[in-house]
Structure formats: structure tokens, C-alpha cells
Amino acid sequence: MTSPFAPGIVSGRLTPDDLARNFGDLHPPLDAHEAHVAADRCYFCYDAPCVTACPTGIDIPLFIRQIATGQPEAAGKTIFDSNILGGMCARVCPTEELCEEVCVREVAEGKPVEIGRLQRYATDSVMATGRQPYVRAEPTGKRIAVVGAGPAGLACAHRLAMKGHDVTIFEARDKPGGLNEYGIAAYKTPGGFAQAEVEWLLTIGGITIQNGKALGADLTLEALQAEYDAVFLGMGLGGVNALAVDGADLPGVGPAVQFIADLRQSPDKGALAVGRNVVVIGGGMTAIDAAVQSRLLGAENVTIVYRRGREAMSASTWEQDLAASKGVRILTHVQPLAVHGTGGAAEIELEYTSDVGGKLTGTGETFRLPADQVLQAIGQKLAGETGLTLEGGKIAVTGPGRTSLDGVWAGGDCALGGDDLTVTAVAEGRDAAEDIHSKLMAEG
Amino acid sequence: MADLTTDFLGIKSINPFWLASAPPTDKEYNVRRAFEAGWGGVVWKTLGSEGPPVVNVNGPRYGAVYGADRRLLGLNNIELITDRDLYVNLEEIRRVKADYPDRAVIVSIMVPCEEDAWKAILPLVEETGADGIELNFGCPHGMSERGMGSAVGQVPEYIQMVTEWCKKYYSRPVIVKLTPNITDIRKPAAAAHAGGADAVSLINTINSITSVDLDLMAPQPTIDGKGSHGGYCGPAVKPIALSMVSEIARAEETRGMPISGIGGITTWRDAAEFMVMGCGTVQVCTAAMTYGFKVVQEMAAGLSQWMDEKGYASTADFVGAAVPNVTDWQYLNLNYVTKARIDQDLCISCGRCYAACEDTSHQAIWMHEGRVFEVNDAECVACNLCVDVCPVEDCITMERLPGGTVDARTGKVVSDEYANWTTHPNNPMARAAE
């Protein structure tokens with residue numbers, strides 16, 4: 001084992017036991033007794049606020065009542081009817097700013113019904129059976145291409161397959177799942193859940209996945225359009241925004257998304273290298289996930305630096321608190337000026353900022369932090385060229401994901417709108433599928 | 001702190017909280033624990049005739065009905081009377097009473113409806129020094145099939161006959177325990193009164209099947225694939241018990257007769273409600289079976305505090321205080337007009353009042369933008385359903401419309417005067433005002 005105080009980016013800072021504990025389930029599943037106690041707290045509200053707050057509109061009071069009456073599998077079906085990736089969403093949704101934030105018991109007592117954990121209990125119950133409660137409709141003979149096997153693409157493909165269409169998913173990476181597989185903190189989805197969920201989802205039939213097929217490199221939109229009756233684009237944001245400061249090319253400086261992906265793909269966390277002093281630049285979920293996991297790997301000092309105030313961070317307060325509880329320091333109103341070091345990052349130079357009326361300026365006051373690893377989490381961007389109309393760097397869509405090109409739909413992070421959440425991607429994929437189905441059936 | 005000492009039929013106890021005749025009072029060990037925990041008295045589990053005791057089933061004896069969070073709301077029991085030897089019980093009763101002179105020890109008895117059977121057991125009970133007896137005419141399961149328990153309680157003539165025997169062969173107070181499994185509780189109470197009973201106690205348990213095993217297709221508790229109705233008790237039966245107590249308390253024939261109230265009493269408030277409805281003491285079983293004997297400490301402290309707040313020096317000050325206000329429907333004031341009011345500060349916007357009113361009542365609640373709920377007086381009949389389904393206490397209340405205001409629903413001016421159905425113009429039987 002390496003000393004936790006070893007300088008530089010090294011592996012094995014913690015014992016295997018510590019690492020196993022650190023990367024265990026962040027929210028352990030409810031057992032049957034806990035689920036009943038939690039379910040009994042639901043008031044079965046009329047036109048419930050939690051349903052309105054859920055991007056996929058899951059009938060939450062109904063599924064909780066089904067748990068309370070002893071049928072968690074029926075509860076699971078209620079969830080999957082609206083959100084086929086309800087299992088993943090139960091684990092990764094920021095429920096504290098969606099369903100649970102508006103739960104009337106949160107409003108009344110500051111203690112919401114534990115919707116997320118109950119959802120996991122219900123969906124796990126169904127997935128434990130190995131079956132899914134859906135069968136395909138009669139074949140329609142229609143063929144649809146879906147680009148990207150992430151949440152949007154999978155949700156779209158499943159809904160289309162249910163309707164009797166044949167779907168081919170083209171996925172650039174080696175494994176399906178998208179950000180569920182590559183972009184979410186390991187402690188939120190331990191146990192290979194993302195792959196298990198995809199396998200379960202595919203048991204509907206009628207969906208084939210071709211891996212190693214990226215739009216632009218291996219496929220063209222024109223070819224897909226020529227071969228298929230409709231095309232859905234859900235390839236996410238493959239590019240990362242570059243860190244435009246001196247020293248950004250030094251070894252030790254890199255994108256947080258790659259760090260997170262490597263972490264997820266590594267079965268042995270002890271083999272993963274992490275710096276002693278890690279600085280993460282950014283204010284979103286990616287920054288939090290990278291910073292927290294750096295700490296969990298054994299980095300001694302982990303600092304998130306963000307150029308605006310806490311309230312402007314897109315990571316939820318709950319996530320910020322999680323980071324703080326893991327020993328991550330969050331510095332706000334600072335921006336990077338340069339990374340210094342010889343042969344590798346050693347220090348980061350930062351400048352305080354002033355945010356007056358939304359206009360951000362450096363104050364001129366600078367300081368340096370030790371940094372043998374710098375992770376940039378300052379946003380992702382669309383990779384490649386589609387020829388579609390873009391807006392704000394994303395594919396412009398109207399209604400249920402219709403792009404500027406007839407016969408081409410888009411959803412998830414690559415499309416305009418949504419909150420870059422798994423759950424919004426699922427909703428967009430599902431709604432696009434319904435629209436595609438209507439259109440194709442109307443055409444006959 | 002108010003003094004809870006109670007005198008019921010001349011029987012003194014440190015408080016009015018007695019344990020009902022039931023499994024918790026089956027033997028000395030339990031009863032001593034109960035007295036140490038603070039119970040004012042016990043009614044010893046029912047004794048049967050001398051000879052081989054009854055036998056109980058060896059499978060489950062209880063079934064349950066649950067509320068949220070698996071709170072026990074109702075319990076169903078198929079246990080019979082004591083299955084221990086008569087003389088063992090009598091000796092234990094004697095010892096316990098000698099050690100606890102300030103507590104009430106009542107002996108429950110159930111023997112066949114034959115004078116000799118009662119004549120035989122009563123002197124044995126008298127010798128124990130127990131304070132009185134309670135005649136078990138209530139058990140609805142098992143023993144009733146043998147012509148005892150509720151089989152007796154359902155025939156007023158038998159009640160009177162047996163009570164008379166008891167008064168003849170026993171010198172201390174005789175309490176008759178009534179079964180609720182009848183049409184009119186006033187009849188058996190009157191029979192007990194006619195037979196010379198010193199008091200009645202009620203209710204015994206209600207015929208019940210709490211649940212059905214959907215795999216076995218059998219009632220629960222299930223004994224080798226079969227089930228039998230049991231006796232229902234616990235918080236769920238309290239409303240039935242209160243009503244029956246009130247009927248006896250206000251009936252002409254039984255008015256003023258001492259009552260020991262039984263039926264789902266769980267808290268000091270439940271006890272106070274039974275007492276103001278005419279009960280000199282209350283008997284508890286399910287609460288003790290659910291939470292242990294310690295519950296009496298909350299009951300005693302709570303009743304005492306409430307008495308202090310109300311200025312009552314002794315329990316006798318308020319026993320029966322609510323009886324004059326129990327009346328027939330026909331005498332309720334039809335000019336008493338109320339409307340529901342929702343406290344917007346307390347409202348948590350769950351919308352249950354809206355669902356209840358819109359779907360099942362009078363469409364008298366508006367749901368405004370932003371989940372704001374408001375009562376529409378023009379439709380509100382003041383049914384109280386919104387109050388009952390609201391999860392927040394006192395969030396919705398009923399507010400009386402003062403005389404002289406116009407009821408938006410009827411368009412009529414609210415009158416200050418009392419007027420009931422007997423004189424209402426819509427009543428074909430209305431007595432014409434002379």
C-alpha cells in the first residue's frame with residue numbers, strides 16, 4: 001500500500017477494506033420492514049406535487065400505496081410504465097430537488113416521504129424476478145435507428161419496441177448505458193447495476209445494439225435516414241470544454257468525466273491513481289462526483305473551485321453537503337489562472353472573482369494551492385457535426401424532440417432543454433418514441 | 001395533582017384503571033406485575049366450574065387489524081376462560097388481595113346456567129377476600145357454543161335469573177358483563193338491573209373475523225386450515241362501546257346504574273370519555289397487551305392533569321357529565337349552521353380534503369392555482385369529511401354561522417332559535433305548533 005501522504009498521482013492510497021467501504025452503496029436499499037414504515041408516511045395526495053415534479057411523471061402515490069398493500073412488483077410496474085429506467089433514477093435522481101422537495105411532508109415537517117428509496121425498493125423487486133412486465137405489440141415492420149445507448153436512447157428504444165417496431169441502437173462505446181455506465185459516481189450504482197438494467201430492459205426483444213458505432217466517425221445521418229424509417233439521436237455530449245489557461249497541457253491535468261469513467265470501469269479501485277492534492281474546477285454534478293470520489297480514493301486534500309457563488313452551482317445543496325461531509329472543501333468566487341509545475345502539475349494559481357449583476361470579473365487578488373491533479377468539470381459539448389440546426393450548442397428541438405430535419409428526433413443531453421439529468425433524458429426518449437410511433441402509424 | 005382514588009360500589013382503588021378479565025389477568029405473576037406498574041384493579045380472568053379445566057387451541061389465538069406503521073388497531077381473540085385449575089386460581093387471588101388491599105380484585109366467573117353450579121362456586125370465591133364478582137355473559141367464542149358467555153348475555157331472562165342467584169349466594173358487589181352481540185344493549189342491562197346487579201360492565205368482545213388467509217382460503221387466526229370467529233377488541237371497538245355505554249347511561253330503566261366501561265381504552269383521554277359517559281371505572285386489556293402494563297402510568301398522569309386543568313377534585317365530579325348531552329337525532333338543532341374553514345397557514349396542500357369533497361361529497365372545496373384550497377360556502381353542507389381526512393390537526397375546523405347571517409348554500413337567514421325535526425315543516429309527523 002502507498003502512503004496516503006505520497007506526493008503525485010499514485011494508486012493504493014487506502015486499504016482494500018477502506019476502498020470497499022468508501023465505494024459501497026451510498027443509499028443502502030430499504031428492507032421490507034423499512035419500506036412498509038416509509039410507505040405508510042405517504043398521504044396519497046390529490047394531484048400530488050411529487051408527480052408534477054417528476055420529469056417522467058411517475059404516479060408516485062399509487063406506487064407507494066402498492067408497496068404499502070404488499071405488492072412491490074405492482075409498484076414497480078407503475079414506475080416502469082412512466083420510466084423504464086426507474087431503477088437507475090431511483091439511485092441517481094436528485095430527489096431532494098424533484099419529488100421529495102415538494103412532498104407535502106417535506107413542506108410540513110422537513111422530512112419527505114423517502115420516494116427515491118421506495119422507488120428503488122419497488123423496481124428492485126421487479127428486476128429481481130428477471131422479467132419485465134411488458135410484451136411487444138404485433139410487429140409493425142417499421143425500423144428505427146437510435147444513436148446512443150444512454151438513458152434517452154434506451155428509453156426511446158424500449159417504448160418503440162413495445163409498440164412493435166424494430167430498433168437498432170448504435171453506440172460509440174464498448175458498453176451500453178451512456179452516462180449511467182460511464183458518468184455516474186460509483187457509489188451511486190455499485191454492483192454493475194447499469195449493465196444489469198440494460199440487459200433487463202432488452203428482454204423486451206426487438207432491440208439490437210451495435211457497439212463501436214459513433215455518428216460522424218462510423219455513421220452518417222444521411223445513411224441512417226436512408227435505411228431506417230426514423231432516426232432518434234441520443235448520443236449525449238461527447239466533447240468536453242477545454243481549460244484555457246497556461247499549464248492546462250501539463251500531465252496531471254485532465255477532464256473530470258474521464259476520471260469518473262475510469263473509476264466506474266475499474267473493478268479494482270486500489271489500482272486507480274489519484275493525487276495527494278486534487279483540485280476540481282467547476283460547480284456541477286460532475287465536479288462533485290469527481291471531488292468526492294477523489295477523497296474516497298484517498299486524496300488528502302480535495303478542493304472544488306468555482307468562479308461564482310454557491311447558489312449558482314448547478315450541483316444541488318444536498319450534493320454540496322455530501323461533498324462537504326466527505327471532506328471536500330468548496331471554494332467559491334475563484335477562477336483558475338494557470339497550472340504550474342515542471343513535468344507535471346504541482347500548483348494551481350487562482351484569482352478571486354467579483355460577481356456583480358451577473359458580470360464576473362477577476363479582482364486581481366491571486367493565490368496558489370498545491371495541486372498534483374487538476375480535474376476540469378466546466379461543461380461538455382456536442383461532439384461531431386450532424387448538420388442539424390443547433391441552439392446554444394445543442395440540437396434544437398420542438399415538441400417531443402423533433403429536430404429541424406423531418407424524420408429525425410433527438411433527446412437527452414445532446415438536445416436542447418432538459419436539465420442534463422438521467423430522468424429528463426428518459427422522459428425525452430420516451431416522448432420522442434411516442435411521437436415517432438404516431439407519425440409512422442399515420443403514414444401507414 | 002388530582003386524587004384518582006375511586007370508590008366504585010364501595011370498592012376502593014387507587015385509580016379507576018382496572019385490567020379487564022382477559023389473558024393479562026390469568027395468574028398471580030401477571031397481576032402482581034400489573035399492580036407494581038400502577039393499575040388500580042384487576043378483574044381476574046374468568047373462572048369456570050370445579051373439575052378438569054377447559055383446554056385452549058394450541059395454534060394462534062389472536063388476529064390483528066393494523067393501521068399505518070403497523071399500529072395495532074384491533075385484536076381478535078379465540079382464547080377461552082382460564083385453563084388453569086380452579087383452586088390454583090382461588091389461592092392466588094387470596095394471596096394477591098391480601099398483599100394489595102388498596103387495589104380492586106374482582107373475580108370473573110362463568111359456569112353453566114344452573115343454580116347449583118353458581119351455588120357451588122360463589123362461596124369459594126367469597127372466601128378469597130376478593131372485592132366482588134363479574135359475571136361473564138359476554139365471551140362470544142367457544143364458551144358460547146356450550147351455552148355460556150354471550151349465549152347467556154343474549155337472553156335477558158337468563159341474565160336476570162343468574163344475577164338473582166349470585167345476589168342470593170354472594171354478599172359482595174355483583175357486576176354483570178354484557179355482550180355487544182345483541183340488537184339493543186338496553187335490554188340485557190335492564191335485566192341485570194332487575195336481577196339486582198350492582199353494576200354492569202361493557203362491552204365484551206364483538207364477533208369478528210379479522211382477516212382471511214388468501215392462500216389457505218381460511219379465516220385468521222387459522223388452526224390447521226380452519227378458523228372460527230373470535231372476539232374483537234382494541235381501539236377499533238371504542239366507538240361501539242361508547243355508544244352502548246351511553247344508551248345504558250341515559251335509558252330510563254338503567255339511568256344512574258354504575259357502569260365499568262370497556263372497549264379500546266388506550267389513553268387517559270379514552271378513559272375520560274368513558275367516564276364522562278357514565279363509567280365509574282374503566283377496564284383495559286388490548287392497550288396493555290400491546291404496550292405492556294406501563295401504559296397505565298400515562299393514563300393516570302394524564303387523567304390527573306386533565307382533572308387539575310378542569311378543577312375536578314375527584315373522579316366522581318365528572319362521571320356521567322356528558323350523559324345529558326346524548327340525545328336522539330330528532331332533537332338536534334337544525335338551525336345550527338356551520339361551514340368548514342381551512343387555515344391556510346397550517347395547510348400542507350395535500351389536497352385530500354379536495355379529493356374527498358369533490359369525489360364523494362358536495363363539491364364544496366375549490367382548488368386554486370398553486371394548490372390553495374378554499375371552501376365554497378354555497379355548496380358546503382358542513383359534513384365534516386374534510387376535517388376527518390385532513391392529516392393536520394385543527395387545520396380545517398367548523399365555524400358556526402351567527403344568527404342573522406345568510407347561509408350561502410340555502411340563501412336563508414340563520415336563526416338563533418333552536419328548532420328540530422319534530423317541528424320541521426318537512427316532517428309529515430311534525431306536531432303542529434299549538
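**View 1. Residues where helix H5(A) meets helix H9(A).** A:Pro72, A:Glu73, A:Ala75, A:Gly76, A:Lys77, A:Ile79 and A:Phe80 of H5(A) meet A:Gln119, A:Tyr121, A:Ala122, A:Thr123, A:Ser125 and A:Val126 of H9(A). Two residues are in contact if their C-beta atoms, placed from the backbone, lie within 7 Å. By class, this contact holds seven nonpolar, four polar and two charged residues. Ala, Val, Leu, Ile, Met, Phe, Trp, Tyr, Cys and Pro count as nonpolar; Asp, Glu, Lys and Arg as charged; the others, Gly among them, as polar.

This is a predicted model: local features need pLDDT of at least 70, side-chain atom pairs count only at pLDDT 80 or more, and totals for chains, interfaces and linings use all residues. Residues are numbered from 1 along each chain as its sequence is written, and chains are lettered from A and ligands numbered from 1 in the order in which they are written.

**View 2. Packing angle of the two helices.** H5 (residues 72-82) and H9 (residues 115-128), both of chain A, pack at about 100 degrees, with axes 7 Å apart. Axes are lines fitted to C-alpha atoms, for helices over the stretch in contact; angles run from 0 to 180 degrees between N-to-C directions. H5(A) and H9(A) are therefore roughly perpendicular, a label for 65 to 115 degrees. Helices (H or I, at least four residues) and strands (E, at least two) are DSSP runs, numbered from the N terminus.

**View 3. Where chain B touches chain A.** Twelve residues of chain B contact ten of chain A. The chain B side comprises seven nonpolar, two polar and three charged residues.

Key: Parallel < 35°, antiparallel > 145°, perpendicular 65-115°, else oblique.
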